[in-house]
Amino acid sequence: MDTAGILAVLGTSVVKFVLAAAVSYGFNHTFWETVLLLSIGGAAGTVAFYLAGVGVLKRLHARAVRNRDRRIAKGLTPKRVFTRSNRFIVRVKRSYGLLGLAIMPPLLSVPITALIAAKYFHHDRRTLPVLLTAIACWSLVLSMAWGFLR
């Protein structure tokens, strides 16, 4: 394994997880090397974006509350809290929950999945372990799938 190949697979697994196994096989990595690199890259991306997302979302929420209070102090009506998209997101969250989100990393990408988890499941202690377990399972599945296709 060369360093450039390792870094390319790790970067691809953070940005677009579903294609990382193909990149890994392109560098002639073995099946278990591919599983390991996808797991490490996906887990690193998940942890980084989840922790950063929790901090950023707290600041954005504090700013939204501060702006709402300013509007009320000026005698204006506060902006709507429940929009059509908010209702859709809440309905999906209640229907599928954290486990439904755990199947999303290959479809959405690791950063988007981690940010959604930080937004809606930051209070749940199972969030990060569930996401990391899902990343490990998806690494195995995607490595097998791309291994059959090569």
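Biologist: Which helix gives the largest share of the nonpolar patch?

Modeller: In this predicted model, helix 7 provides the largest share of the nonpolar patch, with 4 residues.

Biologist: Which residues make the patch, and what is its area?

Modeller: The patch is made by Trp32, Leu140, Val141, Met144 and Phe148.

Biologist: Where is Leu140 placed?

Modeller: Leu140 is in helix 7.

Biologist: And why does Leu140 count as partly exposed?

Modeller: Leu140 counts as partly exposed because its relative accessibility is 33%, and that class lies between the 20% limit for buried and the 50% limit for exposed.

Biologist: How many residues line the largest pocket, and which lie nearest its centre?

Modeller: The lining of the largest pocket consists of 21 residues. Nearest the centre of this pocket are His61, Ala64, Val81, Asn86 and Lys119.

Biologist: Which helix gives the largest share of that lining?

Modeller: Helix 3 does, with 10 residues of the lining of the largest pocket.

Biologist: How do the residues of that lining divide by class?

Modeller: The lining of the largest pocket has 11 nonpolar, 4 polar and 6 charged residues.

Biologist: What about the second largest pocket: what is its volume?

Modeller: The second largest pocket has a volume of about 310 Å³. It is lined by 14 residues, and those closest to its centre are Ile89, Val92, Lys93, Leu101 and Ile116.

Biologist: Which elements give two or more residues to the lining of the second largest pocket?

Modeller: Those elements are helix 4 and helix 6. Helix 4 supplies the largest share, 8 residues.

Biologist: And what is the division by class for the second largest pocket?

Modeller: Its lining has 11 nonpolar, 2 polar and 1 charged residues.

Biologist: Which residues line the largest cavity?

Modeller: Thr46, Pro105, Val110, Thr113, Ala114, Leu131 and Ile135 line the largest cavity. By class, this lining has 5 nonpolar and 2 polar residues, with no charged residues.

Biologist: Which helices each supply at least two residues there?

Modeller: Helix 6 (110-120) and helix 7 (127-149) each supply at least two residues of the lining of the largest cavity. Helix 6 gives the most, with 3 residues.

Biologist: One more topic. How many salt bridges does the structure hold?

Modeller: The structure holds 2 salt bridges. In one, the side chains of Asp69 and Arg68 meet, at 3.4 Å from N to O. In another, the side chains of Asp124 and Arg126 meet, at 2.9 Å from N to O.

Biologist: Is Asp124 buried or exposed?

Modeller: Asp124 is buried, because its relative accessible area is 19% and buried means under 20%.

Biologist: What are the values for Asp69 and Arg68?

Modeller: Asp69 has 40% relative accessibility and therefore counts as partly exposed. Arg68 is partly exposed as well, with a relative accessible area of 39%.

Conventions: Residues are numbered from 1 along each chain as its sequence is written. This is a predicted model: local features need pLDDT of at least 70, side-chain atom pairs count only at pLDDT 80 or more; totals for chains, interfaces and linings use all residues. Side-chain values use heavy atoms; hydrogens and water are left out. On a 1 Å grid over the protein atoms alone, a cavity is a set of points where a 1.4 Å probe fits but cannot get out, and a pocket is an open set with protein on both sides within 12 Å along at least five of seven lines; lining residues have an atom within 4 Å of a point. Ala, Val, Leu, Ile, Met, Phe, Trp, Tyr, Cys and Pro count as nonpolar, Asp, Glu, Lys and Arg as charged, and the others, Gly among them, as polar. Patches are made of residues with over 30% relative accessible area and no salt bridge: like charges are joined within 9 Å, nonpolar side chains (Val, Leu, Ile, Met, Phe, Trp, Tyr) within 5 Å. Accessible areas come from the Shrake-Rupley method with a 1.4 Å probe; for residues, only the protein chains shown count as cover. A salt bridge is a side-chain nitrogen of Lys or Arg within 4 Å of a carboxyl oxygen of Asp or Glu. Buried means under 20% relative accessible area, exposed over 50%, partly exposed in between (1.4 Å probe, protein chains only). Grid points are joined across faces, edges and corners, and a volume is the space filled by probe spheres set on the points.
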